[in-house]
Amino acid sequence: METTNQTGSVSEFVLLGLSAHPKLEKTFFMLILLMYLVILLGNGVLILATILDSHLHTPMYFFLGNLSFLDICYTTSSVPLILDSFLTPRKTISFSACAVQMFLSFAMGATECVLLSMMAFDRYVAICNPLRYPVVMSKAAYMPMAVISWAAGSAASMVQTSLAMRLTFCGDNVINHFTCEILAVLKLACADISINVISMGVTNVIFLGIPVLFISFSYVFILATILRIPSAEGRKKAFSTCSAHLTVVIVFYGTILFMYGKPKSKDPLGADKQDLADKLISLFYGVVTPMLNPIIYSLRNKDVKAAVRNLVVFQKHVNQ
């Protein structure tokens, strides 16, 4: 990529991160490093469990394995950059590296939105139409569903990243963020970004609005079906099969809606505090949520807990 033709004097960006709060950098370095290791371990164990345990060779756990792999990819596209920014005095990133990081993070986020809606459909069929479940959610159906999720997220990210990187950046090159977050990068452009704004709005409707509506309607039907089950034990068992997914959905979309939907303070004196809060919320979305996903599924799903225990026991026997 010839950055000189498209960006003028800008061939790299400076990531501000927590530069205004140096005392917090060491603390957050250790905290984020610990969480990243937990993400790799937790999601890695879940992937191994869904592959090695034959009891988990079902559509729901196939999607769960994809979700775990996606979380590893998403955090790996940003966390090493964040950790490096805490250690390096000059927090710079090249134009091309910024484009790659932007593409990966946007693609993983968009893919997760679609994947969570696919998982909601799986739970809807399993609870509302259990007799048709083996036919509707056959291998010929759920594998293309996963492929579509990845392809759609990657395509959307390719469009957004291409539009952003074609802009002219001729002034300030300081990104007030930990990573090359696309909205933070667009603020630096000295060209008309109306096409980017419209395109981003359409993408948000497709990858946020539609999946949220789809998941919401799915759970309305799921809850209605569960409430019609006569026995309390039957209702509890049915709800337990979707409670982990519902919890993950609430955490994932709740953080996004809070991050982008909360009102902005008009008080200049509170701008620094709000800026710090925005960054910490972004960290929660990018690091804490992927860390919570395997914990939620492990604690709220007896099949996953049993598979993890079997994996640990098997590893002990191998070591002996």
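The disulfide between cysteine 98 and cysteine 180 is left-handed because the torsion about its S-S bond is about -130°. The sulfur atoms of cysteine 98 and cysteine 180 lie 2.1 Å apart, and a disulfide here is a pair of cysteine sulfur atoms within 2.5 Å. The pair links distant parts of the chain, 82 residues apart: cysteine 98 sits in helix 5, while cysteine 180 belongs to the loop between strand 3 (174-175) and helix 8 (182-186). Helices (H or I, at least four residues) and strands (E, at least two) are DSSP runs, numbered from the N terminus.

A word on the model before we go on. It is a predicted one, where local features need pLDDT of at least 70 and side-chain atom pairs count only at pLDDT 80 or more, while totals for chains, interfaces and linings use all residues. Residues are numbered from 1 along each chain as its sequence is written, and side-chain values use heavy atoms, with hydrogens and water left out.

Back to the cysteines: the count comes to one disulfide.

A cavity is a set of points on a 1 Å grid over the protein atoms alone where a 1.4 Å probe fits but cannot get out, and lining residues have an atom within 4 Å of a point. Searching the whole structure gives two cavities of 30 Å³ or more; grid points are joined across faces, edges and corners, and a volume is the space filled by probe spheres set on the points.

The largest cavity has a volume of about 80 Å³. Helix 10 gives the most to its lining, with five residues, and helix 3 (59-76) and helix 5 (95-128) each supply at least two. Its lining has six nonpolar, four polar and two charged residues. Here Ala, Val, Leu, Ile, Met, Phe, Trp, Tyr, Cys and Pro count as nonpolar, Asp, Glu, Lys and Arg as charged, and the others, Gly among them, as polar.

The second largest cavity, of about 50 Å³, has Asp71, Glu112 and Phe252 among its lining residues. Helix 11 gives the most to this lining, with four residues.

Conventions. 1 Å grid on protein atoms, 1.4 Å probe; cavity = no way out; pocket = protein on both sides within 12 Å on 5 of 7 lines; lining within 4 Å.
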